[in-house]
Amino acid sequence: MKFLHMELECGNRTKKQTVSNISKVVCIMFLIFTVTTALLKINKFKVAIGDLKEPESLPSTSLKKCDIFSGEWVPNPEAPYYTNTTCWAIHEHQNCMKHGRPDSEFMKWRWKPNECELPIFNPFQFLEIMRGKSMALVGDSLARNHMQSMICLLSRVEWPIDVSNTNVFSFKQWKYSNYNFTMANYWTPHLVRAKKVDSSSALFNVYIDEFDETWTTHVKDFDYVIINGGQWFLGPLVFYEKQRVVGCQHCDLDNMTHSNLYYGYRKVYNTTFKSIISLENFKGTIFLRTFSPSHFENGLWNKGGNCMRTKPFRSNETKLEGYDLELHKIQLDEFRIAKKEGIKKGLKFMLLDTTQAMLLRPDGHPNRYGYWPNENMTLYNDCVHWCLPGPIDTWSDFLLEMLKMESVTSISKNMIHS
């Protein structure tokens, strides 16, 4: 009605009603200004709800070469894109706001690569790419943390249904019916075959050259498999190779050789990649999601250590070092070896290198806000897992960008060979 009123004022004249040229210009400028302002408001509204619109027909990823894993965290006032009250998938121990965390700025950051922009996760676009496909997240509880983050991010489009074949919490399978997309989580903290020495002990026997068939026998039909593992190798372990004890890590056993952690870790990844490459008829894409550093300060995890920071580090304020650096290097080495072997079988390997980004987020852990302060049990501060919503949501930003790049590459190859 405002536009119509202005049109009548500016243009509805009789022959006797003349308007000076200046008046005409002023009127036209006023009309342009009003329309432009309205369009800007509309565009701003579209940006705010852009990820709830239907996806673009083709991936919106620039082919410009850019290392999306090298960058800084920058403020994002639009975040978070879900809350602990809108998403039922958040595990209690990562529900930081429920358990009284007083600050909320840790949720309001996004990752900015040095040479380009990383788009915020678009749930429509992700589900469209995943239409008719399946994805397995294999590894420790951080894989489950990632899956719960994805369920929350995707909830803006659709909630999944539980189609698990077992009631065991360690192995869950979810289906998005409207997209025929299945997402599964297989809990295997050591990736290879491992078992507790006894029920009352924290000590594990880890068979570094043997497949863990609890997951390797299930993933052959998946289109995408995301592997991760790290923090559990810093605990008490006894390493076995060729059915013989070859050493231990923090095991405190008599007549036991303290083994080099790095040898065991390297062997585990070598065995893990072999287990996937050797699967008959497996034609999927393998992602390695790299080591996620913890941020304990003022003591070890079981010696009063905590993570009280409330904002990210800048990249020049900290660096990857010690065992974090060595474990990351081992992962990259074994990934390169596996990728060369996998190519021979027509398999794709992709590196989801989240280590640097997560190193800079000491503020994103539950710390003591993963439980009620009056709970009558021994609980440790959690500086390993990630609050939801929180920094771990960015893993899906990375993942979607990589999937879009894979789609662009596939389209380009098809065009070349067609």
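## The largest pocket

In this predicted model, helix 4 makes the biggest contribution to the lining of the largest pocket, with 5 residues. Helix 4 spans 141-154. Helix 7, at 322-344, also supplies at least two residues of that lining. The pocket has a volume of about 1600 Å³.

The lining of the largest pocket counts 46 residues. Nearest the centre lie Gln231, Phe296, Trp301, Val384 and His385. By class, the lining holds 20 nonpolar, 20 polar and 6 charged residues.

## Enclosed cavities

Rolling a probe the size of a water molecule over the atoms shows where empty space is left. Searching the whole structure turns up 3 cavities of 30 Å³ or more. The largest cavity holds about 190 Å³ of space. It is lined by 20 residues, and those closest to its centre are Tyr81, Trp109, Gly390, Asp393 and Thr394. Strand 2 (109-113) and helix 9 (394-417) are the elements that each give two or more residues to this lining. The lining of the largest cavity divides into 12 nonpolar, 3 polar and 5 charged residues.

The second largest cavity has a volume of about 40 Å³. Its lining consists of Leu137, Leu142, Ala143, His146, Ile226, Asn228, Arg289 and Trp395.

Which order do the strands of the open sheet follow? The order is 7-8-10-11, and the pairing is mixed. Strand 7 (192-196) and strand 11 (244-249) stand at the edges. Each has a single partner strand, so one side of each is left without a neighbour in the sheet. On average, neighbouring strands of this sheet are turned by 25° against each other, direction ignored.

Strand 8 (residues 204-211) and strand 10 (residues 237-241) run parallel and are joined by 4 bridges. Tyr207 is placed opposite Tyr240 in strand 10. Helix 6 (residues 261-277) packs on this sheet. Helix 6 touches strand 7, strand 8, strand 10 and strand 11. The direction of helix 6 makes about 45° with that of strand 8.

## Strand 6 and its partners

How many of the 7 residues of strand 6 are buried? The count is 6, so strand 6 (residues 181-187) is mostly covered, with buried meaning under 20% relative accessible area. Strand 6 runs parallel to strand 3 (residues 134-139), and 6 bridges join the two. In this pair, Met135 stands opposite Met183 in strand 6.

Strand 5 (residues 171-176) pairs with strand 6 in the antiparallel sense, over 6 bridges. Lys172 stands opposite Asn185 in strand 6. Strand 5 and strand 6 form a hairpin, with 4 residues between them. In the turn, Asn180 has a positive phi of about 50°. In a regular strand the side chains alternate between the two faces of the sheet.

Leaving aside neighbours within four places in sequence, Glu334 is in contact with Arg266, Tyr269, Asn270 and Phe273. Glu334 and Phe273 are 61 residues apart along the chain, and their C-alpha atoms are separated by 8.2 Å.

Thr216 is in helix 5 (residues 213-216). Thr216 is also buried, with a relative accessible area of 4%. With neighbours within four places in sequence left aside, Thr216 is in contact with Phe211, Ser275 and Leu279.

## The chain as a whole

The chain has 9 helices and 13 strands. Of its 418 residues, 48% are buried. Contacts in the chain between residues at least 6 apart in sequence include 76% that join residues at least 24 apart.

Notes. Residues are numbered from 1 along each chain as its sequence is written. This is a predicted model: local features need pLDDT of at least 70, side-chain atom pairs count only at pLDDT 80 or more; totals for chains, interfaces and linings use all residues. Side-chain values use heavy atoms; hydrogens and water are left out. On a 1 Å grid over the protein atoms alone, a cavity is a set of points where a 1.4 Å probe fits but cannot get out, and a pocket is an open set with protein on both sides within 12 Å along at least five of seven lines; lining residues have an atom within 4 Å of a point. Grid points are joined across faces, edges and corners, and a volume is the space filled by probe spheres set on the points. Ala, Val, Leu, Ile, Met, Phe, Trp, Tyr, Cys and Pro count as nonpolar, Asp, Glu, Lys and Arg as charged, and the others, Gly among them, as polar. Two strands pair if DSSP finds at least two bridges between them. Axes are lines fitted to C-alpha atoms, for helices over the stretch in contact, and angles run from 0 to 180 degrees between N-to-C directions. Contact means heavy atoms within 4.5 Å. Buried means under 20% relative accessible area, exposed over 50%, partly exposed in between (1.4 Å probe, protein chains only).
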